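User: I would like to learn how to read a few features of a multi-chain model. Please give me the general idea each time, then the case at hand.

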Amino acid sequence: MSLLEFVSRINPVAASGAVLVLVGVWGVLARPNLFKIAIATSVMETGVNLVILSTGYIRGRTAPILDSAVAGTATDAAGAAARMTDPVPQALVLTAIVIGLAVTALQLSYAVRLRAAGGGSSIESYGDEKW
Amino acid sequence: MVNPLWLFALSLGAAFLLPLVDRLGRRIALVLVHGVTAAWLAAGLSWLAVLLSGGEAAEFGTAGFRAPLAIVLRVGLAEAAGVTAIALTGLLAAFSLTRSLREAPLGGAMALLMALMGLSGIVLTRDLFNLFVFLEISAIGTYGLLGFDDRKPALRSAFKYMIAGGLASSLYLIGVIYVYRLADTLNLDIAAAGTALSGPAGTAAVFFLLAALLVELKPFPANGWAVDAYETAHPGISAILSGASATALLLALWKILPLLGPAHLSLVAGSGLATFAAGNLVGARQDRPLRMLGYSSVAQVGLVAAVAALARLGGLGDGGADFAAAVAGGLLLNHLLAKTGLFLLAGAVEDDDARGRLAPLSLAAAGVLSAALVGLPPFPGFWAKWRLVRALADSGLWWILAIVLGGSLLEAFYVFRWLGLRAKGEAGEAPVRLGIRSAGPVLAALLLAAAGALAGIRGPVPDLLLWAPWAAAAILFLLDGTPGWLKGLLSVAAAAAFGAAAWDRLDGFRQFFAVMLLGGGALFSIAALRKGGPRRGLHPLLAAATLALGAILVARTPLEFFFAWETMTAASWLLVLRGRGGEKPALSYIVFGLGGAFLLMAGLAAGGWDGGIAAAGWPGLLVLVGLLVKAGALGVHVWLPGSYAESDDESSGFLSSALSKAPIFALFALALSLGAALPGGPWTSRALGWLGLATALGGALYAVYQEDIKRTLAYSSLGQIGYILLAFAAMDQAGWTTSLYLALNHFLYKSMLFLAVAGVIQRTGTRNMYEMGGLIKKMPVSFLSVLMAIIALSGVPPLSGFGGKWLLYSTLIGKGWYLETAVAFFASAVAFLYLYRLIHSIFLGQPKPSQANVREAPVALVLPQLVLMAVLMAVSVFPRLMLDPILALVGDRFPAAFVFEGTRLRSALGYWDGTLTMIVTGGVFALCLVWMLANLHNPQSVKQFNIVFAAERPLRPETTHYAWRFFEPYRKALGFLTRERAERFWDAFGTGAASVGGALRRLYTGNGQTYALHVVLYVAVLYLLLGVL
Amino acid sequence: MMRRVLVFLAVAGLAWALLPLALGSGVPEAPGALATAYLTDAPADFGAANIVTAIVVSYRGFDTLGEVAVLFAATAGVGALLTRKRLGLGDAEPEAKPAATEILVTATGLLTGLLVMFGVYIFLHGHLTPGGGFQGGVVIATALLLGLLARPESHLSHGILAAVESLSGAAYVGMGLLGAFLAWGFLDPRALPLGRIGSLVSAGSIPVIYSLIGLKVGAELSGILDALKGDRE
Amino acid sequence: METGILTRIGYALVSLFVITNYGLLLIGSMARISAKVQGRVGQPVWQPYIDIVKSTAKRNSIGHGIMFYLGPVFRLAGGVGTYMFIPAVYGSVLFRNFSDSGDLLLVMYFIFFGQLGMALGASEGGHPYSAIGVSRGLSQMTAFEVPFALSVIAVAIQYRTLDITAIVAAQQGGFWNWTVATNPLAVVAALIAFLGMSMHNPFSIVIAPQEIPIGPPTEYQSNLLGMLQTNRAIFNGAKLVLYMNLYFGGATDIVTMVVKTFLIYFINVFVGQAFPRFRVDQSIRFFLGVPTLIGIASVIIAAI
Amino acid sequence: MLVDVALLVSGIVMIAAGIGAVLARSLLVSILLSGGVSLAASLVFLLMGAPDVAMTEAAIGSGLTTVVYLYALARARQPDEEDSDPLGNSVKGGR
């Protein structure tokens, strides 16, 4: 089955994540609305998170949590380890998501602040500093 | 060593508790902020102390584990220096931010703490993902800081900044995760040690990492977002961005260098150099100071990145990593302190919207900071740039060298333009006082000076004599409030002491020039006493320039020579700037001065040193051209007339009669160390001869049409230097004798002229000759001085000037340079025109009623003139006084062409007996005088206007004194020769550079989205190039 | 038009760089050496059942501390930007909004309490089950948000929020220092006894740290929402 | 050839006396000849003597300042000095003058001594016409110096010396050894320059002798004017002697000198009479044109 | 394999939602679609064996972020049409 063949060859998460990154970048570059830029940045960050986590995707493995489902007995550490997926990307993504939220919040604050000062909704109206 | 983790705990704890502390009062909260920053500084310094005294770099793990399991921090020399620099900048900036922080919401202070901690974290961490976290901490802190004091423009910029920052961090994350995937670690050292990253996938992964860091380093053209922020933020924030943030990011780049392959490194180098060139080109077009500094920042950072990459590539430097650390580190330190200080200073001025000139202390700080930024000695950038240039020359990377020097020159142009503006201010504006806000810039300036001096004295220039100019300048600046006579005497004493200390180290040639250079300095230091009052700034600069001239003579290595040379250039530039209308001339003076110096530097770096400048081949030609620029040869002379005219009158004299001999000395030194030959051989000589001749003729012709005395004298100096060059180019005993004789003579009579003219200008208050007239009765001594000087200058026997002419023509005809002889003859004849005009318009003809009360010049001017007159008479009567030493100096390097027989000097073609000439002339003159007096019957003096005037009686001196446009028919006949082609050429050149800058800066549209587009395109193009490489 | 072409070129160029990397990396067969080391050692090292938590809070705890700092800096920035004065709201009364119905008010009151308890549960069990301080903190913030929605005229108590935020943050740093003094390094959770793996009181100070993070994150996110609402002085 | 210093001074005075009288008579006779050519009776040959005596005998003298008085002194000293540095008659101790002070270059530059002093004196007179005259004179001087210098260079190349005595020596042995025969172009250039140097037509705008009193001497009268007139004679003589020495084989006796200098002067004056007067800018352009090219050609010829 | 197909399908959904978020003229729709992207992403994370991340993404990415957007939109008095009012107005905050 060619689809499955193809899917097994590539990393589906990485692929969709990368495309999502491109979609986000396109949004950042093409939509002049301040909020739209922020939204596109969020989409891009989600894509990046997918890319990150894609490297920790191992077929057929479970979450890296030692519970009864994974390890019958807690002492069988080595055996449990062989059934779990890579935890490092997960740890990294956790951090990245929170940072993404922080950035988004701040970016939106600026947008709000600019609007409150009577500015336009398009980034084109903030080009007084140039050359 | 102090565990850096304590500092992170301290920063975070303080930041987290800040809202509670704030309840006790904002002051206390701010003290906490400053205290934490100071703690970082203390820690950085303690690390530096440990590491510099031989301590080992240390790693600090977290959570009780080591890499790769846990995150590890490393404190090495680079890290310690980086943390110190960041904390220092932070402290300076925080100090300037205090008021804003007090008035704004507390978020500002918290963001500041976070930003600084983040930057330090970037420096310290060895973990790639942790690096990302710290990048984000500092980025978000910065975003917060950009808007915290509610400047509307800064709010706009911050949004643009965030878009670009978001793109960069996404790129970075993608890079990090694939590095992890391939290398199975996040630790830098482990990743660098393995080979997993060498394949195509690894190259791509590292590329993303690198691209993100490069974008954060604000490369051209993807840096509009940053420049906007630099321009609009609070100056303290701009200082952090430009200084601390750049430091941290460069160290981050430095860290990942081991991961990079040659192709990556080429990208970094290319991008850095392009940024350096483009940043400076665009900066040159910028008239808003903060934005200008922004462009300068990105340019400097680009250069540092390029240097680091080039050194890593292996094509550069002697000691690999050491070299890179020294050069890149030196440049960075220089940039950091200078830019921090400048942002604070310029920002304070802009915040006040002040248009006046800066108060003295701030101005001095601004001067030091600007000079450091441009890489003048003795600041750290100078040493770094020298090593860089040397390495580039050694590696044969000439085009990079050209970019580096060209960019630096552009930078000098716009930075010094700003400085000139601030030094002069707009007319009618009150001086700008910054009060306590100047503390930061002053501190930065002091640190720069200290760091530079330390680097120099403990490094390549241990000879304290070479530091004398700086010491003298510093001491006299401190005494600047004291009366002028004290400083004048000190200056003279300094020159004398320098001469005494250096005398034994100088060979004959150098002693010969020392008399002119140091003596000239002392002479004009005395002349500077002509006005009362402290005359702030004049004496320190004059003394510094004088001693720098001396330092040029005692230099023993190329670096020492260049060090002294640039010192001289800088001091004399400030002298020009000090003049009343000195702003524009000073700018062209320093730009051409540095342009020449840079050529010299390239040549020196490539050539050797043999007790003199031993640069053969085309490095030698570079040196030659550099010296010619400084000498003011025709074509590159455009800086000369304005600077001589607009500087203070004693400074003009100093520049013309003493300082102009420095390039002459250097030419001799160059030729001497090549065995009395020029690089390039006879063709160079011939070309140099014609160039000298063109200079002589051009100088004379231009001088004819000037209305301004000092411009006349300036062009006259140009012409005289032309003769000296012409004679020098002959490269034989006759030529060198002539050249040295002319140089010494020029020193004598041009000093007299400038001294006399200084008196005239002081008394009449004008420089326009047609506004004077008939001053002979008011200022007889000055008249006599000018009379003798112009007789000598024009070469009319019996004064010593004729000796020069005789030697010159004998040389030229003997050498077979016949056409040159004819042109020289013509040029000498033209000199009569302006000399006559000079003495006629000022001293003769009809006096002006408004100048009825003019007195003789002050004693400080008259006395030196009397001495010089006596000397001139002595050497005229006894030419051997001057010629014997010169002949001895030239010695037996060449076959003898001139020989003395008693008082008669004999050449292959003819002879000249100066003493007999003087006696005959004196006798004849006495005879005629007696005849005249004997037949003088009933002489009557008549009143003004009692002249034979056709049928009417003139009433006004303005219409009777024929002085304005004196040689108009001459202009009609030969004006086509003096159409200022060189000026127009250089104007066009400037316009060309400006239009390139103008075209480039069209990229900076102000649209944040366009900036983001630039970022993405930049990354894409970089990737394409990576594929190509 | 030109701009569109350039945007297309830029995105295409980025795609050309990114897609080969993303598509070509494939799916790994097994975790790398580092991951395996974590998987095998974490339970023994820290007695934490949730290995991701072990990494987040201890091995890479320094990242997490930084992450908290990021959120903190963002909150600070938002707070500085969006004061009432700067938003142009001045001293004007907040806009009157139609009051919610009685039922909604009562329901949200209940729900808020439940949600807060859920949030606390999430971060207390971070070392055992999925979830942790951040997730728990978000849930708490959501709970407070619901309260705000239900009673538009109500305000969060800034004093309490700030105190919680400050103290929990400082306590987090303090736990880190405790690790340094009582165990083997900064942020080492072995300062407290590890306990039996799988039980609530285990994994050293991991649950304590995660709880503090949860409180802090909850307070900070609430603060951001508060600022966006226009309630900051 | 060592001679006592007093003897030398005595010889020099004799030489000076001779050249003064010769110069005066030359001017007088030339004016007379000019008049005849133009169909006038003209002045007596001794008119210059009358002029000088008349000027010197004036009872009053009006002065404008010290430099005004010194101007004529400079001027006369310049003329006398120039003559003093030229050996007038080849081989004659009497007319050797003080030519051992320096070579041709000294003579060429000493010419300026008088001109400069004169210009200064005239300036102090305060008359605008004086200054205008000086301006014109100097402007023109720079231009005619070029062909003159070129021709001198050609001579120096040809004889490999700048020593005037040696140059004359090299021309001995008949007409074909004279410079005028060996390098006629140099002589042509020099003679054209001589027109400007003597301010003869068409280069007489400087003193404009026919019109209103203009030119450097405007303010001068009494014995000061007398000195200027005396100088004119001596200076003219000196220049003629110089030309004779450089281009026309010099003279071994006084009669040859008189004949040769008279002829040189005659040619010049009458060549000049044929042309209208140039403006200053025109004369500058003229001198830097064809005469300069001729001069360059002469140098090239000599160099080859 | 089945998981892979599910991942791919989710990926396509996400990309579609992302493109929609960028293209939508209504900001509200945009925000909701971007929340949808996050929601789909959290599903993907869950499928990949990353329940921690999935939870976080759901809570933060699709939940809190969306709320923050909506609050900001309200506070900024931003009309829903993305290209309305591009050049700003003179109205200073308040009523």
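User: Is Asp150(B) buried, partly exposed or exposed?

Analyst: A residue is buried if 20 or more other C-beta atoms lie within 10 Å of its own, exposed if 12 or fewer, and partly exposed in between, with C-beta atoms placed from the backbone. Asp150(B) has 19 other C-beta atoms within 10 Å, so this residue is partly exposed. Its place is the loop between helix H5 (128-148) and helix H6 (152-183) of chain B. Helices (H or I, at least four residues) and strands (E, at least two) are DSSP runs, numbered from the N terminus. This is a predicted model, in which local features need pLDDT of at least 70 and side-chain atom pairs count only at pLDDT 80 or more, while totals for chains, interfaces and linings use all residues. Residues are numbered from 1 along each chain as its sequence is written, and chains are lettered from A and ligands numbered from 1 in the order in which they are written.

User: Where are cis peptide bonds found in chain B?

Analyst: One joins Phe220(B) and Pro221(B), with omega about 0°. Pro221(B) sits in the loop between helix H8 (200-216) and helix H9 (224-232) of chain B. Another joins Pro797(B) and Pro798(B), with omega about 10°; Pro798(B) is in the loop between H31 and H32 of chain B.

User: How do I read the packing of two helices?

Analyst: Two packed helices are described by the angle between their axes and the distance between the axes. Axes are lines fitted to C-alpha atoms, for helices over the stretch in contact, and angles run from 0 to 180 degrees between N-to-C directions. In chain B, the axes of helix H18 (residues 468-478) and helix H21 (residues 538-554) come within 8 Å and cross at roughly 170°. H18(B) and H21(B) are therefore roughly antiparallel, a term for angles over 145 degrees.

User: What classes of residue make up the contact of H18(B) with H21(B)?

Analyst: Two residues are in contact if their C-beta atoms, placed from the backbone, lie within 7 Å. Ala, Val, Leu, Ile, Met, Phe, Trp, Tyr, Cys and Pro count as nonpolar, Asp, Glu, Lys and Arg as charged, and the others, Gly among them, as polar. The contact has 13 nonpolar, one polar and no charged residues.

User: Which chains share the most contacts?

Analyst: Of the six pairs of chains in contact, chains B and D do. Here 63 residues of chain B are in contact with 72 residues of chain D. H33(B) gives the largest share of chain B's side, twelve residues. That side divides into 43 nonpolar, 16 polar and four charged residues. E8(B) and strand E1 (residues 61-63) of chain D pair in the parallel sense over three bridges; pairing requires that DSSP finds at least two bridges. Pro939(B) has Ser61(D) as its bridge partner.

User: Which chains do not touch?

Analyst: Among them are chains A and D, whose closest C-alpha atoms lie 52 Å apart, and chains B and E, whose nearest C-alpha atoms are 13 Å apart.

Key. Parallel < 35°, antiparallel > 145°, perpendicular 65-115°, else oblique.
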